[in-house]
Amino acid sequence: MVKRKAYDDSAQEESDEEISLDESESEDEYDEVQQDFEFFDPQDPWDFEGFTRLLRQLLDADAASFHLGAIADLILAQPLLGSTVKTEGNKSDPHALLTVLNLKEHKDKPVIKQLIGYLVDRAGTNSKLSPLTELLKPYCGNEVGLILTERWINIATEVVPPMYRMLLDEISWAIEDKEPYTFSHYLILSKTYLAVPSLLNEETNRPKKKLKPKSKKGIDEGHSMYYFHPEDEVLQRFASLFGSFDYIKQAAEGESDSKSTFHDFGIKTRGHLILVEAAKFEAAVKALEQEFPAPEAIVDAAMDES
């Protein structure tokens, strides 16, 4: 079921409004796709393969440890919760996904039990995340909604705030229908990466160039840290805790160079967790809408939703 028309190039041209995500970015960086976007509910069976691919990208090096198809089935089993972004109609591959899973409700399902154990284990490796080891224990009585969100790398961040806004609305409607979505916390699973020295530079003694990725940076493990999802920096303003963790499967020496698109730096990807209390979640979504305002075509279409 289509939710709304999101972004129309022709409509944008007629209004003479141009979206410029970052005019200072170099031509060597990724170009973001500008075409017709539509938002849809998760749809079985058309989204199954696309969801498994997006989940594989989200879980990165540790993806092979999970039954991704089982996670995709759980997402598809709640078709009125969450959104996808597509460009060629409802039967085409999803370019982006955002949904939430109730960890307590599904705690006895093998894949969720494994996922909770994984998150607890990884949280234990970073003191900033260590409170999660208690929060996620089944007997603690916390209602934690795990937000799974991923998109193709050239999909604009501006599609994200409407997806979060729709999720808020859908959770509200689900609660009215006595469905189990009254959460105490939202836990967002995401990714970051470190810019590490390239072994290729050491082998060739090439002069180093300055790295100019799209996202802002922090410092982690003594290296510059960057966000795959720029919205994470906004969500962290409202977080009880956040932090990155190493994947269980460690990359072989030199593998970071194979992921590099910046020539003089290798890329070490890491998992990232952001915990937001439910009471602060709507304020976080409003902040996303202010930081990454959607094109007028998205806003108008969202208001027209029935």
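## Exposure of A294

A residue counts as partly exposed when its relative accessible area lies between the buried limit, under 20%, and the exposed limit, over 50%. In this predicted model, A294 has a relative accessible area of 23% and is therefore partly exposed.

A294 is placed in the loop between α10 (278-291) and α11 (296-303). In sequence, A294 and P162 are 132 residues apart, whereas the distance between their C-alpha atoms is 7.6 Å.

Strand β6 spans residues 185-197. Of its 13 residues, 12 are buried, so the strand is largely enclosed by the rest of the structure.

Strand β5, residues 144-151, pairs with β6 in the parallel sense, and five bridges connect the two. Within this pairing, I147 is found opposite I188 of β6.

## Packing of helices α2 and α3

Helix α2 (residues 48-59) packs with helix α3 (residues 68-76) at an angle of about 120°, and the axes are 9 Å apart. The crossing of α2 past α3 is right-handed.

On the α2 side, the contact is formed by F48, F51, T52, L55, R56 and L59. The α3 side contributes L68, G69, I71, A72, D73, I75 and L76. Classified by residue type, this contact of α2 with α3 comprises nine nonpolar, two polar and two charged residues.

Note on methods. Residues are numbered from 1 along each chain as its sequence is written. This is a predicted model: local features need pLDDT of at least 70, side-chain atom pairs count only at pLDDT 80 or more; totals for chains, interfaces and linings use all residues. Side-chain values use heavy atoms; hydrogens and water are left out. Buried means under 20% relative accessible area, exposed over 50%, partly exposed in between (1.4 Å probe, protein chains only). Helices (H or I, at least four residues) and strands (E, at least two) are DSSP runs, numbered from the N terminus. Two strands pair if DSSP finds at least two bridges between them. Axes are lines fitted to C-alpha atoms, for helices over the stretch in contact, and angles run from 0 to 180 degrees between N-to-C directions. A crossing is left-handed if the near helix is turned anticlockwise from the far one by less than a right angle, and right-handed if clockwise. Contact means heavy atoms within 4.5 Å. Ala, Val, Leu, Ile, Met, Phe, Trp, Tyr, Cys and Pro count as nonpolar, Asp, Glu, Lys and Arg as charged, and the others, Gly among them, as polar.
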